[in-house]
Amino acid sequence: MNTPPSPPGAKRTDESAVQIGALVPLTRPGWVQAGQHLLAGLELAVREVNDAGGIVGRPLELVVRDTAADPQRAAAAVDELARLGVAALAGEYHSVVARAAAARADALGLPFLCSSAVLDALTEQPTEWVARLAPAQSHGWRIYADFLLSAGHSRIAVATESSVYWASGARILRDYLAPRGATVIELDMRALAPTAVCDELVDNRATALLLLVGHPEPAVSIVKSVRHDERLAEIMIGAPAGQPEFAEWATSLGDDGAAIPFLRYLPERLSPLGARVETALRERLTEAPSFVAFEGYDTVAVLAEVLRSHGGDRARIAASWPRVAVEGTRGQIQFSRTPGISVWQWAWTPIQVVDRDPAEPDRFRILHAS
C-alpha cells in the first residue's frame with residue numbers, strides 16, 4: 001500500500017497518549033441524539049480500555065469533533081485531526097457526512113473506522129484506508145423489503161427528500177421490489193405538503209408508506225397527518241432508516257409513533273459482553289441505549305485491539321483490516337471485501353426489523369430478523 005506523505009505539522013498534542021479522532025453530530029441540523037449515543041459508546045469503550053492498562057501502557061484518548069451533519073465541516077475536521085497526529089478516525093452517523101470524511105481520510109492516508117453510516121458508496125473508488133461496522137444500505141434495506149413482501153404489501157409509497165442517501169434507498173427498494181411484483185410510488189416531499197401526502201396515498205391505493213425523510217421534519221408532520229386521516233386507518237407507516245429508534249421520536253409523536261417498523265442492528269439476544277455494555281450505556285445515557293451506542297463501543301474495541309497489535313503507524317493500522325478478529329457487543333467482528341462495497345466491510349452485523357409496541361411505546365417488538 002502506498003503511504004501518502006504525512007501532512008505538515010503532524011504532531012501529537014500529548015506525546016503520552018494514543019489518540020483517535022472521533023467524528024460525531026452533536027449540534028443541529030445533525031441528529032443530536034444519535035450523536036450523543038454514538039459518543040457515549042465511544043467514550044465507554046475508551047474508559048474500559050484505559051482501566052485495563054491502555055494501549056501497551058499508554059492511555060487511549062478521543063479527540064472529538066462535532067460534524068453537525070455538514071460534509072464540509074467533517075472534511076475540515078479530518079484535515080485538522082490528521083495534523084494533530086491522531087492514529088485513526090472513528091465514528092460518524094450521517095451517511096453523506098461519512099462519505100466526505102472517508103474521501104478525505106483516503107486522500108490523506110488516515111485510517112477511518114466508520115461506525116454508523118450505511119451508504120454503499122462510502123468512497124468513489126476502492127480504498128484500503130476505510131473500514132465499516134454498519135451494514136451497507138443495500139443489504140439492510142433489502143431485508144426490510146423482504147419484510148414488506150412477507151407482510152403482504154405490494155403497493156408501497158415512499159415519501160422522499162432530495163439527498164444521495166434517500167435517493168439510494170428509494171433505488172434499492174424499487175430495484176428489489178419491482179421484479180417481485182410490487183409497485184413503488186415515489187412522493188417528492190419538495191412538492192407535497194404533509195397533508196397532500198394523504199390524498200396521494202388514497203389515489204395510488206398504497207398499503208404502506210415509507211419515510212425517506214429527515215427527522216423531526218417533515219417526518220413528524222407526515223406521521224401525524226396520516227395517522228389522523230380516517231381513509232388511511234389500515235396503512236402501514238415504515239421508517240427503514242431508523243428514526244423511531246430514539247426516545248426523541250416517541251416524545252415528538254406519542255402513540256402516533258408506535259407500530260412504525262424500522263431497521264435496527266442488534267442481535268435477538270445480547271452476549272454476556274453485550275449485556276454488560278448495555279447496562280453501562282444505560283447508566284451513562286440515563287435511557288435505553290440505541291444500536292448506535294453499541295456501534296460506538298465496538299468501534300473503539302476494534303481500534304484498541306489493532307493499536308495493541310500493530311502500534312500507532314497509520315499504514316500498519318490500515319493494512320490490518322483484513323486480519324481483525326474482535327469480539328464485539330453484537331458478535332465476532334471481521335472485515336472482508338464485499339462485492340459493490342468500496343471499503344473493508346463487516347459482513348454482516350445482525351439486523352432486525354422492529355417497531356415500538358402500541359401497548360407500551362417504550363418497548364420494541366422484533367417483527368423480522370436476519
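Start by selecting helices α1 and α10: α1 passes α10 in a right-handed crossing. This is a predicted model, so keep that in mind as you click around. To find the two helices, pick residues 32-51 for α1 and residues 291-310 for α10. Two packed helices are described by the angle between their axes and the distance between those axes. Here the axes come within 7 Å and cross at roughly 35°.

Now show the side chains where the pair meets. On the α1 side, colour Ala-34, His-37, Leu-38, Gly-41, Leu-42, Leu-44, Ala-45, Val-46, Glu-48 and Val-49. On the α10 side, the contact is made by Val-292, Ala-293, Gly-296, Tyr-297, Thr-299, Val-300, Ala-304 and Arg-308. Sorted by class, the contact of α1 with α10 has twelve nonpolar, four polar and two charged residues.

Stay on α1 and click Gln-33, which is found in this helix. Is Gln-33 buried or exposed? Its relative accessibility is 11%, and the cut-off for buried is under 20%, so Gln-33 counts as buried. Which side chain does Gln-33 meet in a polar contact of 3.1 Å? That would be the side chain of Glu-287. Leaving out residues up to four places away in sequence, Gln-33 touches Phe-246, Ala-247, Glu-248 and Glu-287.

Next stop: helix α6, residues 194-203. Select Val-197, Cys-198 and Leu-201, which are buried. They cover an arc of only 105° around the axis, which puts them on the same side of α6. As background, an α-helix has 3.6 residues a turn, so residues three or four places apart point the same way. What do the buried residues of α6 pack against? Show β6 (155-160), β7 (183-188), β8 (208-212) and α7 (219-227), and you have their partners. Just after α6, check the backbone at Arg-205: its phi is positive, about 55°.

For the last stop, go to helix α4 (residues 137-150) and pick Gly-140. With 0% relative accessibility, Gly-140 counts as buried. Setting aside neighbours within four places in sequence, Gly-140 is in contact with Leu-263 and Ile-351. Finally, draw a C-alpha to C-alpha distance from Gly-140 to Thr-349: 9.7 Å in space, for residues 209 apart in sequence.

Technical notes
Residues numbered from 1 in each chain as written. Predicted model: local features only at pLDDT ≥ 70, side-chain atom pairs only at ≥ 80, totals over all residues. Heavy atoms only, no water. Helix = DSSP H or I, 4+ residues; strand = E, 2+ residues; numbered from the N terminus. Buried < 20%, exposed > 50% of the residue type's maximum accessible area, 1.4 Å probe, protein only. Polar contact = N/O pair within 3.5 Å; in protein donor to acceptor, adjacent residues only side chain to side chain. Contact = heavy atoms within 4.5 Å. Axes fitted to C-alpha atoms, helices over the stretch in contact; angles between N-to-C directions. Left-handed = near helix turned anticlockwise from the far one by under 90°. Nonpolar A, V, L, I, M, F, W, Y, C, P; charged D, E, K, R; others polar. Arc of directions from axis to C-beta.
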